[in-house]
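Please look over the sequence and the model shown here before reading on. The paragraphs after it are meant to be followed with the coordinates open.

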There are 2 protein chains.
Amino acid sequence: MNEIAQAISEGANAYLRRQYKVLAIFVIVVGALIFVFLDGETTIAFVYGAISSGLAGFIGMRVATMANVRTSQAATESIAKALPIAFMSGSVLALSVTGLGLLGVSVLYYIFNDPHVIHGFGLGASSIALFARVGGGIYTKAADVGADLVGKVESNIPEDDPRNPAVIADNVGDNVGDVSGMGADLTESYVGSLIAALTLGALAYTGKAEALLLPLMLAASGIVASVVGSFFVRVRKESSLHKALNIGVYVASILVIGAAFYLTTQLMGDINLFYAILTGLVAGILIGQIAEYYTSSKFKPTKDIVTASETGGATNIIAGLSVGMQSTVGPVLVVSATILLAFRFGHGFDSLISGIYGISLAAVGMLSTLGITLAIDAYGPVADNAGGIAEMAGLPENVRERTDELDALGNTTAAIGKGFAIGAAALAALSLMFAFSRTVGTLGDTSLINPRLIVGLYVGAMLPFFFSSLTMKAVGKAAMEMVQEVRRQFKEIPGIMERTAKPDYKRCIDISTSAALKQMIAPGLIAVSMPIIVGFGLGPEALIAMLAGAIACGFLMAVMMANAGGAWDNAKKYIESGHAGGKGTPTHAAAVTGDTVGDPFKDTSGPSLNILINVMALVALVIAPLL
Amino acid sequence: MNEIAQAISEGANAYLRRQYKVLAIFVIVVGALIFVFLDGETTIAFVYGAISSGLAGFIGMRVATMANVRTSQAATESIAKALPIAFMSGSVLALSVTGLGLLGVSVLYYIFNDPHVIHGFGLGASSIALFARVGGGIYTKAADVGADLVGKVESNIPEDDPRNPAVIADNVGDNVGDVSGMGADLTESYVGSLIAALTLGALAYTGKAEALLLPLMLAASGIVASVVGSFFVRVRKESSLHKALNIGVYVASILVIGAAFYLTTQLMGDINLFYAILTGLVAGILIGQIAEYYTSSKFKPTKDIVTASETGGATNIIAGLSVGMQSTVGPVLVVSATILLAFRFGHGFDSLISGIYGISLAAVGMLSTLGITLAIDAYGPVADNAGGIAEMAGLPENVRERTDELDALGNTTAAIGKGFAIGAAALAALSLMFAFSRTVGTLGDTSLINPRLIVGLYVGAMLPFFFSSLTMKAVGKAAMEMVQEVRRQFKEIPGIMERTAKPDYKRCIDISTSAALKQMIAPGLIAVSMPIIVGFGLGPEALIAMLAGAIACGFLMAVMMANAGGAWDNAKKYIESGHAGGKGTPTHAAAVTGDTVGDPFKDTSGPSLNILINVMALVALVIAPLL
């Protein structure tokens with residue numbers, strides 16, 4: 001077991017080292033540009049943000065690669081012993097994410113007392129997160145898809161079988177993509193929402209420091225509340241896994257609500273701002289529940305996908321896409337209601353900008369319990385890895401069953417976590433877009449009845465499509481290479497199947513690594529360069545429209561992809577648990593098709609979109625003085 | 001042969017009769033509402049529009065069901081004899097579409113001299129088109145998918161084999177969906193662009209009737225040019241099919257350009273408006289060429305899908321989605337450039353509204369040669385049907401080869417035709433949105449920096465997703481029923497396979513018919529009711545934003561779906577022609593998966609979206625006086 005864990009840990013370390021080397025070049029180039037065209041303070045903040053984001057990803061990965069083998073070991077005893085270990089490693093990630101983010105924003109605010117400098121921090125954190133999410137997502141899904149297509153479908157060996165040459169790459173991928181990439185991702189969502197609130201607080205309440213302290217202190221209370229909530233995550237009976245996690249979240253939420261009430265009334269003397277925060281918190285929970293409805297096999301949508309699988313892969317895909325598209329309706333209505341309500345509670349009818357401050361507070365409220373929701377989200381890949389180790393080390397079958405149970409729950413919690421991140425990004429990026437309109441030098445007609453804005457809107461709406469096409473293609477291509485390599489090894493290395501020869505794991509790791517590093521560049525550059533091109537080419541008004549188009553379309557695509565992917569995955573798991581014929585039937589094969597398409601949907605393309613819109617909004621804010 | 005053609009014709013007639021019965025109720029109800037809340041003139045125009053659209057669909061279907069068997073007969077001699085028959089039947093559809101549309105708009109303009117009345121005509125034509133497109137699309141794809149999945153994939157009998165119980169339904173579907181639905185669809189695109197130009201001409205050049213005559217006379221010249229161009233469609237050598245069609249289009253285009261030059265300089269004395277029209281014509285051709293690049297097996301994208309099929313259905317789907325999403329980039333840039341240029345040529349920097357008149361002229365220019373481009377588009381299903389009849393009647397194999405060749409070309413021309421329709425809708429709906437902003441009673445802040453507009457934008461962007469989810473689901477469900485019915489017949493009716501017993505075609509026709517009639521209601525009602533809900537609920541400003549969001553997102557989704565669907569289809573055809581292993585291999589099975597998913601993409605959900613955005617813009621315009 002230790003040997004396997006060692007191999008996974010080494011692979012993950014090696015990848016992160018190479019990724020950070022590439023990103024260092026990016027940070028140096030962009031940092032130099034910021035220094036030349038803007039100022040030294042923003043440059044420092046940018047580098048600091050980039051390091052914070054990278055660090056959060058690194059810490060999460062380290063802890064996860066240590067916790068996986070311990071979780072397998074604990075699962076040999078009972079699920080009640082395994083859950084705390086997996087969950088605690090998630091907590092470490094969650095607390096470093098929230099801690100590093102809050103620390104960075106607070107320190108920079110304290111030293112420079114200038115929101116514009118903090119935008120540099122956000123840009124650093126977000127751009128690194130984008131590369132990490134895209135790179136990690138390509139890595140993990142190339143390995144996962146490649147391993148599954150040959151191993152499970154063609155050669156009929158179980159998942160995580162040590163005979164599969166891609167198995168180590170697959171498990172490394174869980175760490176660099178699902179843990180490290182997600183850590184960087186949520187750091188940036190968290191930082192993005194704080195920055196939006198600080199910027200709008202400064203614009204709406206000039207000279208009133210309390211308006212800026214409010215989001216910072218709310219975030220700090222959220223961290224404390226999450227830690228307290230974490231203590232409530234304990235499993236008494238084997239059947240109450242979900243309940244144990246829910247209790248933790250409820251405790252943390254109640255504590256945050258109390259803190260929000262205290263802070264808004266004491267600091268700002270305004271109960272309406274409390275309602276704005278509450279709106280965000282409730283919206284987050286609602287979006288999470290909608291995600292659960294559309295992705296859990298307990299409900300109709302996923303069951304429909306199971307039924308559709310009986311007539312083959314094509315109807316499975318049609319059903320999954322349809323579920324994903326339909327699942328956008330609820331979140332859009334929830335976010336729309338949140339915008340209108342939070343705007344109203346922020347006194348938007350008296351002053352536009354203070355209303356938008358209300359919207360930004362809602363985003364902070366939505367993410368305030370990230371310390372525990374992210375922990376729940378991150379424990380999934382740890383459990384997944386633990387299962388892989390158990391399988392590879394040949395532990396008894398009931399160990400695998402226990403880790404599978406932990407993992408299955410992780411699928412739904414992951415969809416919920418993505419819902420939070422996407423919802424918060426939709427609100428935060430929107431607030432940043434409004435902040436941009438206030439900080440840009442001269443602003444002409446921003447009416448939608450202006451063809452230049454319509455062009456900006458079209459281009460913005462196109463970007464999530466373009467971005468997703470690149471990331472999907474990258475996964476598809478790398479997965480195909482992986483499939484061919486695994487097929488080649490099965491053919492050319494005799495004795496793999498009889499376990500007399502070892503497969504060449506390293507070649508598969510290399511394929512994932514080089515695909516990830518090469519293919520993450522283009523999507524990342526699009527995100528950073530498009531606001532600059534449109535801002536200088538068509539003017540700041542068109543840039544606002546571009547951001548609005550990208551936020552709207554990106555939000556929809558992200559929700560669609562996350563939920564379709566989750567639903568496909570769980571439909572397959574539901575069949576594997578013995579329904580509709582069970583494993584090995586044509587129905588199961590059809591479900592695997594959907595699951596495989598869902599992989600890049602939910603773990604590469606979809607979750608990168610919320611970073612994309614934040615990065616673009618932050619680039620706009622950083623270049624605002626130049627426009 | 002006559003017996004089969006008779007069965008197809010009867011099925012199509014029966015469906016259309018039932019469809020029109022349902023739609024009559026819709027027309028009566030909505031007409032009554034318009035009469036009560038607005039006026040009698042608009043009511044008359046609405047009913048007239050609905051009848052025109054229905055009539056265009058009916059004529060096209062009648063001609064197509066007469067031409068199919070004649071084409072099969074002619075194909076027994078040569079392709080040079082078959083093409084003119086198929087093409088001529090397409091021409092009849094095209095000329096009735098353009099003729100009825102232009103006639104309606106002109107007559108109403110002549111009688112009432114009030115653009116608002118003409119909006120009623122547009123609404124009638126568009127809403128009937130929406131139902132026809134959605135209903136026909138569900139009908140044809142349910143039958144097609146169902147027939148293919150069991151017949152081709154499971155039972156290994158060729159396409160259009162008379163032993164397949166769904167084969168008549170499939171061929172009926174070609175007529176009610178691909179001919180009749182498309183006819184209604186393009187009537188409304190054509191009418192929509194004319195109405196936009198008339199409305200904006202009246203707004204931009206008050207009292208100058210020439211500004212309204214210009215689009216009408218341009219459209220009339222386009223019809224004449226198309227007829228002349230049609231005479232040039234003749235096949236000399238068997239290999240020059242594509243060339244023959246292209247020559248026709250080029251001749252028509254050149255004639256229209258000449259007419260546009262003459263009309264703009266003589267009527268308006270303004271060469272700049274000629275440039276605006278030219279921009280639209282060129283943009284249409286460019287969008288068509290981009291569609292050809294992404295969907296023809298001669299180019300890299302479709303070849304990539306072929307390669308991806310070698311590793312299975314999942315990578316085939318990932319590659320196809322990626323191609324579809326990437327194919328949006330070019331059309332967005334072309335449409336954006338068209339908006340900016342046509343706005344400029346319309347003197348938009350002097351007067352906003354006259355610039356938008358320029359944009360609406362570009363849309364008319366884009367569709368001016370519809371009389372021939374639609375003929376090319378519509379001959380595909382006729383050839384498809386002819387092939388089906390040849391197969392079922394057991395004609396020699398070379399007949400089928402000839403109709404297949406005609407049909408394959410039809411796939412690419414269909415993608416090009418869809419490009420025209422989508423591009424024109426993006427421009428026309430945009431112009432209608434601007435017109436709405438001018439005709440609505442009181443209009444507040446339409447700046448994008450207004451949360452209510454952002455909410456409108458989000459809701460609007462969500463509608464194409466919601467709409468597509470409903471149409472995809474409808475096809476998926478009906479196809480599943482069809483699959484089960486076909487499987488049942490194969491099992492319960494002994495002797496089908498040995499051709500000693502006849503399958504029960506009627507049951508399959510019933511499944512398609514009732515699915516289409518039932519499932520077309522909800523998407524249609526969404527389109528008609530959403531502008532009313534948002535307009536009265538959130539105000540006209542939010543309604544403008546909703547339209548903008550729906551246009552942007554709908555345009556993108558429509559392009560994505562049309563091109564992904566076309567590429568999947570041609571990738572499969574390319575493999576069937578002997579590449580990558582050819583028919584019967586796992587690679588071919590993977591390609592069939594993509595093709596099946598692509599069916600509702602390209603023939604149900606995608607092409608309905610341009611009608612969706614036009615219907616919503618027209619509803620907004622019709623209710624404008626009440627807001």
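Predicted model: local features only at pLDDT ≥ 70, side-chain atom pairs only at ≥ 80, totals over all residues.

Residues are numbered from 1 along each chain as its sequence is written, and chains are lettered from A and ligands numbered from 1 in the order in which they are written.

Chain A contains 19 helices and zero strands, where helices (H or I, at least four residues) and strands (E, at least two) are DSSP runs numbered from the N terminus. Its C-alpha atoms fill a box of roughly 75 × 50 × 45 Å along the principal axes. The radius of gyration of chain A is 23 Å, which agrees with the value near 25 Å that a compact globule of 627 residues would have; the radius is taken over C-alpha atoms, and the globule rule is 2.2 Å times the number of residues to the power 0.38. Of the 627 residues of chain A, 70% count as buried, that is, 20 or more other C-beta atoms, placed from the backbone, lie within 10 Å of the residue's own.

Helix 9 of chain A, residues 300-309, is mostly covered, with seven of its ten residues buried; among them are Pro301(A), Asp304(A) and Ile305(A). Its buried residues pack against helix 8, helix 10, helix 18 and helix 19 of chain A, and also against helix 15 of chain B.

Between the chains, 64 residues of chain A are in contact with 64 residues of chain B, a contact being two C-beta atoms, placed from the backbone, within 7 Å. The largest share of the chain A side, 20 residues, comes from helix 15 of chain A. By class, that side has 44 nonpolar, 19 polar and one charged residues, where Ala, Val, Leu, Ile, Met, Phe, Trp, Tyr, Cys and Pro count as nonpolar, Asp, Glu, Lys and Arg as charged, and the others, Gly among them, as polar.

Within chain B, helix 7 (residues 241-268) and helix 13 (residues 370-392) pack at an angle of about 165°, their axes 9 Å apart. These two helices of chain B are therefore roughly antiparallel, a term for angles over 145 degrees. Leu245(B), Gly248(B), Val249(B) and Ala252(B) in helix 7 of chain B meet Ile372(B), Thr373(B) and Ile376(B) in helix 13 of chain B, and the residues of this contact divide into five nonpolar, two polar and no charged.

Note on methods. Buried ≥ 20, exposed ≤ 12 C-beta atoms within 10 Å, placed from the backbone. Axes fitted to C-alpha atoms, helices over the stretch in contact; angles between N-to-C directions. Parallel < 35°, antiparallel > 145°, perpendicular 65-115°, else oblique.
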